Amino acid sequence: MRAVAGIPGPQALLLGLAATGALFSLIDTPYPALAPLQNLPTLAIVAGLWLALRRWPMPTSAVACIALFLALHTIGGRYIYSYVPYERWLAAIGLPSFDHALGLGRNSWDRLVHYSFGALWAWPIACWLSRHRGLSPALATYIAVEFVLAGSALYEIFEWQLTILMAGPDADAYNGQQGDLWDAQKDMAMAGLGALTTAAWLRLRVTSSY
């Protein structure tokens, strides 16, 4: 596949699909007042990634990780996370209840996406640091984990500040806390666990560089 606007064709396709998904997720969304706050920023992220990839080329595997994370986030954003009907989707294909099997008692799509943030961003970050900043694989992986932890914490602070500025019901819906006082801490823990999972996989790889 030919290059498109300065990046490899497969990567352009992945980013194009991510942007298209974010736009289509806003069509007939059940939560028109809040869903745009979740998914319109995805377009800015895609544009920024496109420009970054022109200057700092990355393997398609790294771009695929980011695109998959954006897809999971887009699904969550369409249903403002707390109401993603994944239990209904599982039932439709004959699979058992995920929440019931694990005794979760809540909609856990947000936990999945926070875990995915760590698991799917750690590799691109480590790869970029190794390729374009000359860091050793071990140091690049360590910094990638630290980046995920810091990024997750900053997002929770941003979410807190944004909800303060919003009206009560909208704030609660956007925040997605679902009555859990420790929601922010659990979200950060899931992101950290995801990053550590990928870090362990990277360190077990046979190849010595990224």
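1. A residue counts as buried under 20% relative accessible area, as exposed over 50%, and as partly exposed in between (1.4 Å probe, protein chains only). By that rule W109 is buried, at 10%, and Y86 is buried as well, at 7%. Over the chain, 43% of the 210 residues count as buried.

2. The model is predicted: local features need pLDDT of at least 70, side-chain atom pairs count only at pLDDT 80 or more, and totals for chains, interfaces and linings use all residues. Residues are numbered from 1 along each chain as its sequence is written, and side-chain values use heavy atoms, with hydrogens and water left out.

3. The chain has nine helices and zero strands, where helices (H or I, at least four residues) and strands (E, at least two) are DSSP runs numbered from the N terminus. Along the principal axes, the C-alpha atoms fill a box of roughly 45 × 40 × 35 Å.

4. Contact means heavy atoms within 4.5 Å. Of the contacts in the chain with a separation of 6 or more, 72% are accounted for by residues 24 or more positions apart.

5. Eight aromatic pairs are found in a search of the whole structure. Rings of Phe, Tyr and Trp (its six-membered ring) pair if their centres lie within 6.5 Å; planes under 30 degrees apart count as stacked, over 60 as edge-to-face and the rest as tilted. For Y86 and W109 the centres are 6.0 Å apart and the planes at 35 degrees, so the pair is tilted. This pair links distant parts of the chain, with Y86 in helix 4 (residues 86–92) and W109 in helix 6 (residues 109–133), 23 residues apart.

6. Y155 and F158 also form a tilted pair, with ring centres 6.4 Å apart and planes at 45 degrees. Both residues lie in helix 7 (residues 137–165), three residues apart, about one turn of the helix. Y155 is partly exposed at 31% relative accessible area, and F158 is partly exposed at 49%.

7. Ring pairs also join F69, F117 and W121 into a cluster.

8. Q11, in helix 1 (residues 9–24), is buried, with a relative accessible area of 2%. Leaving aside residues up to four places away in sequence, Q11 touches L53, M58, P59, T60 and V63.
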